[in-house]
Amino acid sequence: MKRIVATTIISIFISGVMAHGRVVTTRKHLKVNEAQVAEAATDSKQDTLRDNTLQKVRLSGFDKPLRSKREMLFVTNNTEYELKGVILECRYYDMSGRQLHQRTITSKCNIPAGATCQVGFKSWDTQESFYYHRSAKPRKASGTPFEVKVRVAGLIIDHPKVKDATTEK
């Protein structure tokens, strides 16, 4: 009996809300603070990286030997920020130019501005049968060489300190 009463009350409530129609969630007569907008537009340290910041990060020295579970490369940070991570887009090709695999990797790192560090990540080659054609040649000819094209798709940095108008006194 209690179940029937509860179900009836809930269905009456839902039908009342649906019959009411559109729910307005915006406030009317809001004003824009032009001074804050102008200050934010001229602030050089915002939450997005503009201009050619991605091109300032250089990748080099890719390596993935046969039977390796990891891939490695060097990341040179020529930006003004300390990098906390890099987002890499990798495309793998056989030696005839046919694409074997494609993926996007987010790799955590701590690379100060102006420094170069080695970054490693899990290999796409789960069967460990491929090797990068510029890596050390395997002793046995059982492996398959591949070419890779890697580009920086994004950067992870600490959010710069931004003034909050609500906490200022």
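## Reading contacts, strands and rings

Reader: Leaving aside its neighbours within four places in sequence, which residues is S107 in contact with?

Author: S107 is in contact with G85, V86, V119 and G120, once neighbours within four places in sequence are set aside. One caution: this is a predicted model.

Reader: Where is S107 placed, and is S107 buried or exposed?

Author: S107 sits in strand β4. To judge burial, compare the relative accessible area with a cut-off: under 20% is buried. S107 has 6%, so S107 is buried.

Reader: Now S68. Where does S68 lie?

Author: In a loop. S68 falls between β1 (57–63) and β2 (70–77). S68 has a relative accessible area of 17%, so S68 also counts as buried. Leaving aside neighbours within four places in sequence, S68 is in contact with S123 and E128.

Reader: How many residues along the chain separate S68 and Q127, and what is the distance between their C-alpha atoms?

Author: They are 59 residues apart along the chain, and their C-alpha atoms are separated by 9.5 Å. Now take the contacts of the protein between residues at least 6 apart in sequence: 63% of these join residues at least 24 apart.

Reader: Let me step back. How many helices and strands are there?

Author: The protein has two helices and seven strands. Read from the N terminus, the order of elements is α-α-β-β-β-β-β-β-β.

Reader: How do I read a sheet? What is the strand order in the open sheet of four strands?

Author: Go across the sheet, strand by strand. The order is β4-β3-β7-β6, and the pairing is mixed. Then look at the edges. β4 (99–111) and β6 (130–132) stand there with a single partner strand each, so one side of each has no neighbour in the sheet. Neighbouring strands here are turned by 35° against each other on average, with direction ignored.

Reader: In which sense do β3 and β4 pair?

Author: Antiparallel. β3 (residues 83–93) pairs with β4 over 10 bridges. For one place to look, find L83, which stands opposite I111 in β4.

Reader: On to rings. What describes a pair of aromatic rings?

Author: Two values do: the distance of the centres and the angle of the planes. This structure holds seven aromatic pairs. Take W124 and F130: their ring centres are 5.0 Å apart and their planes stand at 40°, so the pair is tilted.

Reader: Are W124 and F130 buried or exposed?

Author: Buried. W124 has 14% relative accessibility, and F130 has a relative accessible area of 18%.

Reader: What are the distance and angle for Y132 and F146?

Author: The centres are 5.9 Å apart and the planes make 55°, a tilted pair. Y132 lies in strand β6 and F146 in strand β7 (residues 144–157), so the pair ties together parts 14 residues apart in sequence. Both residues are buried.

Reader: Which residues do ring pairs link into a cluster?

Author: F62, Y92, W124, F130, Y132 and F146.

Reader: What lies over the face of Y93?

Author: K149 does, at 5.3 Å from the ring centre.

Reader: Last, the whole protein. How many of its residues are buried, as a percentage?

Author: Buried residues make up 27% of the 169 residues. The protein exposes about 12,800 Å², and carbon and sulfur atoms supply 54% of that area.

Definitions and conventions: Residues are numbered from 1 along each chain as its sequence is written. This is a predicted model: local features need pLDDT of at least 70, side-chain atom pairs count only at pLDDT 80 or more; totals for chains, interfaces and linings use all residues. Side-chain values use heavy atoms; hydrogens and water are left out. Two strands pair if DSSP finds at least two bridges between them. Axes are lines fitted to C-alpha atoms, for helices over the stretch in contact, and angles run from 0 to 180 degrees between N-to-C directions. Rings of Phe, Tyr and Trp (its six-membered ring) pair if their centres lie within 6.5 Å; planes under 30 degrees apart count as stacked, over 60 as edge-to-face and the rest as tilted. Buried means under 20% relative accessible area, exposed over 50%, partly exposed in between (1.4 Å probe, protein chains only). A charge sits over a ring if NZ of Lys or CZ of Arg is within 6 Å of the ring centre and within 35 degrees of the ring normal. Contact means heavy atoms within 4.5 Å. Accessible areas come from the Shrake-Rupley method with a 1.4 Å probe; for residues, only the protein chains shown count as cover.
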